[in-house]
Structure formats: structure tokens, C-alpha cells
Amino acid sequence: MTTLAHTMMTAARPVDPGLAGHGELDRYPYADAPGGDRPGTPNWDGVDTEMGRVGRRAGGSRGRGLHGQLVQQLGQMIVSGDLGADRPLVPEEIGQRFEVSRTVVRESLRVLEAKGLVSARPNVGTRVRPVSDWNLLDPDIIEWRAFGPQRDDQRRELSELRWTIEPLAARLAAGHGREDVQQRLADMAEIMSHAVAQGDSLTFSRADAEFHALVLQITGNRMLEHLSGIVSSALQVSGGPVTGCDRPTDAAVGLHLAVVDALATGDGPGAEAAMRQLLTPHPEVDRVVPAPREH
């Protein structure tokens with residue numbers, strides 16, 4: 001096994017979405033009326049009341065401590081509908097509820113604004129935006145939707161998106177990959193083969209995500225390349241109809257190897273056909289339950 005394959009077998013790649021830049025939240029004042037007098041005040045019942053101590057707990061949203069945890073908490077509440085559209089979000093109230101500073105709240109709301117989940121307006125403050133304004137291709141929103149009330153729609157939409165773009169990507173990538181990329185694709189297939197033999201579904205899914213992202217990255221189409229991170233996120237939380245990417249089997253490994261061979265020989269139609277077969281749902285199994293991404 002190559003060094004890269006060995007590394008992938010033992011460790012996952014960290015995910016770091018980065019911080020959003022300064023936006024509308026720095027320009028407009030927040031509504032500061034007392035919480036009990038405002039119509040549509042968010043209902044915080046049932047939320048994590050230990051945010052103030054989360055920095056001492058293991059793990060965290062993207063490894064960003066209090067800030068990341070608050071983004072995760074508020075994002076999940078917005079996507080689940082607990083914080084409905086047009087609801088006011090007052091930093092002082094959020095800070096008191098989750099025992100974090102105003103700076104942490106502001107940075108968290110700024111990230112959510114960049115994702116299209118909230119907006120700030122003069123004399124109105126910060127409010128939740130309607131679903132039509134969300135960046136539905138954002139990896140965090142993909143995850144939050146996949147584990148919320150919209151899970152069925154999210155998984156169906158992800159499956160349809162992959163069916164639309166990945167066979168075309170495989171056709172375009174045929175013959176375009178550099179030797180080092182071709183080796184990485186072969187490494188991922190090798191890792192999946194070892195994972196099947198060991199019954200290791202987690203390692204299989206990680207290598208699978210890397211494999212499909214690589215295919216998109218060598219298409220020569222920058223817009224498709226931009227979707228590689230989205231496909232990786234989709235694979236981690238997809239669920240929905242079971243395809244060759246969802247179950248660690250020898251047949252799935254064989255289809256991945258068929259894609260590798262077709263790409264290496266410049267066989268565009270063959271790569272497209274193998275990818276489409278790989279993404280075809282298995283009729284005997286309706287759905288799988290995905291596991292949350294590890295952060």
C-alpha cells in the first residue's frame with residue numbers, strides 16, 4: 001500500500017470552512033427592546049444550555065471552540081425551524097442564553113449571514129432569512145438539513161444533484177488527469193478494497209468522498225471543480241437511496257476501479273457509464289441512515 005493510502009486508512013482530513021468576512025452585521029444596529037415585549041421572540045427551550053462550558057468539552061464544530069459551537073447551534077435551530085423566518089435575533093439575548101461574549105455572538109452571526117441564513121437591516125436588527133435565500137450548497141447547511149426535518153428532501157436533492165453532475169464530470173475528466181492524480185484515485189480504490197475486507201465502513205466512506213472529489217477536480221471545468229467540496233459533504237451525510245457509494249462491497253470497489261481505468265485510458269463514455277452505474281440506487285434497499293460528519 002502506498003504512503004498516501006496508509007495515511008488515509010488511519011486519519012481523516014480535517015474540515016475548515018473558514019470565517020466569513022465583515023458584512024452587514026457591522027453596519028446596522030441591533031434591536032435592543034426587552035425580550036418579553038417583542039413579538040416573534042425566539043423560543044430557546046430545549047437548546048444547549050452548556051455553551052459556556054463547551055470549550056472544556058471534547059470536540060467542537062470545525063475545531064473553533066465557542067464560536068464554532070454557537071454557529072452550529074444557531075444554524076441547526078434556524079434550519080430546523082426552531083428559529084423561524086423573520087424572527088429577531090438579539091446578540092445580548094443570545095449571549096446570555098449561551099453564556100458567551102458579544103464578540104462571539106457577532107462573529108457567529110457574521111458566519112451565518114455569509115451562509116444566507118440571517119440578514120441585518122437598519123432599524124430592524126438581525127433576522128432569519130427565508131429558505132429561498134439560504135446558500136443550500138454550503139457544506140454546513142447540507143449537514144444541518146440532512147439531520148433536520150428536511151432530511152428527506154435534502155437527501156433526495158443531493159442524490160439528484162450527484163446523478164446530474166458526476167457522470168458528466170467523469171466523461172470530461174477522462175484523459176485529463178495528471179499521473180499523480182491518477183495514482184491518488186487508484187490509492188482511494190485500494191483503500192476502499194481494504195476497508196471492505198475489514199468491514200470498516202467509516203474508512204470506506206472517507207476514501208469514497210476523496211475519490212469523487214478528485215474526479216470533479218480534474219474535469220478542466222472550474223465550476224465543476226468548485227462542486228467537489230459539496231459532493232464530499234453530500235457523501236458524508238447523504239443517506240437516501242442506497243448506491244454503490246453507500247455500502248462497502250466488492251461490487252462497489254469494482255465500479256470505482258472501472259472509473260479509474262477509463263479515466264487513465266481516456267475512455268470518456270466508459271468513465272461516464274461506470275460512474276452512472278455506481279450512482280444507481282439498489283432497488284432491494286430503500287434507505288440508509290447516515291452518520292454525522294466527524295469534526
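Trainee: What relative accessible area makes Arg156 partly exposed?
Mentor: This is a predicted model, in which local features need pLDDT of at least 70, side-chain atom pairs count only at pLDDT 80 or more, and totals for chains, interfaces and linings use all residues. Residues are numbered from 1 along each chain as its sequence is written, and side-chain values use heavy atoms, with hydrogens and water left out. Buried means under 20% relative accessible area, exposed over 50% and partly exposed in between, with a 1.4 Å probe and protein chains only. Arg156 is partly exposed because its relative accessible area is 37%.

Trainee: Which residues do salt bridges that share partners join into one network with Arg156 and Glu157?
Mentor: A salt bridge places a side-chain nitrogen of Lys or Arg within 4 Å of a carboxyl oxygen of Asp or Glu. The side chains of Arg156 and Glu157 form such a bridge, at 3.8 Å from N to O. Through shared partners, this pair belongs to a network that also holds Arg145, Asp153 and Glu160.

Trainee: Is Arg110, the salt-bridge partner of Glu107, buried or exposed?
Mentor: Helices (DSSP runs of H or I, at least four residues) and strands (runs of E, at least two) are numbered from the N terminus. Glu107 and Arg110 both belong to helix H4 (residues 102-114) and are three residues apart, about one turn of the helix; their side chains meet at 2.3 Å, N to O. Glu107 has 25% relative accessibility and therefore counts as partly exposed. Arg110 has 5%, which means that it counts as buried.

Trainee: Which residue forms a salt bridge with Asp140?
Mentor: The closest N and O atoms of the pair are 2.9 Å apart. The pair links distant parts of the chain, 25 residues apart: Asp140 lies in helix H5 (residues 139-146), and its partner in the loop between H4 and S2.

Trainee: How are H5 and H6 oriented to each other?
Mentor: Axes are lines fitted to C-alpha atoms, for helices over the stretch in contact, and angles run from 0 to 180 degrees between N-to-C directions. The axes of H5 and helix H6 (residues 151-173) come within 7 Å and cross at roughly 130°. Angles under 35 degrees count as roughly parallel, over 145 as roughly antiparallel, 65 to 115 as roughly perpendicular and the rest as oblique. H5 and H6 are therefore oblique.

Trainee: Which elements do the buried residues of H3 pack against?
Mentor: In helix H3 (residues 91-98), the buried residues are Pro91, Glu93, Ile94, Gly95 and Phe98. Contact is taken as heavy atoms within 4.5 Å. The elements packed against these residues are helix H2 (65-80), S1 and H4.

Trainee: Which residue in the turn between S2 and S3 has a positive phi?
Mentor: Across the two strands, Ala120 stands opposite Thr126, while Ser119 has Arg127 as its bridge partner. The hairpin has three residues between S2 and S3. The turn residue with a positive phi, about 65°, is Asn123.

Methods. Two strands pair if DSSP finds at least two bridges between them.
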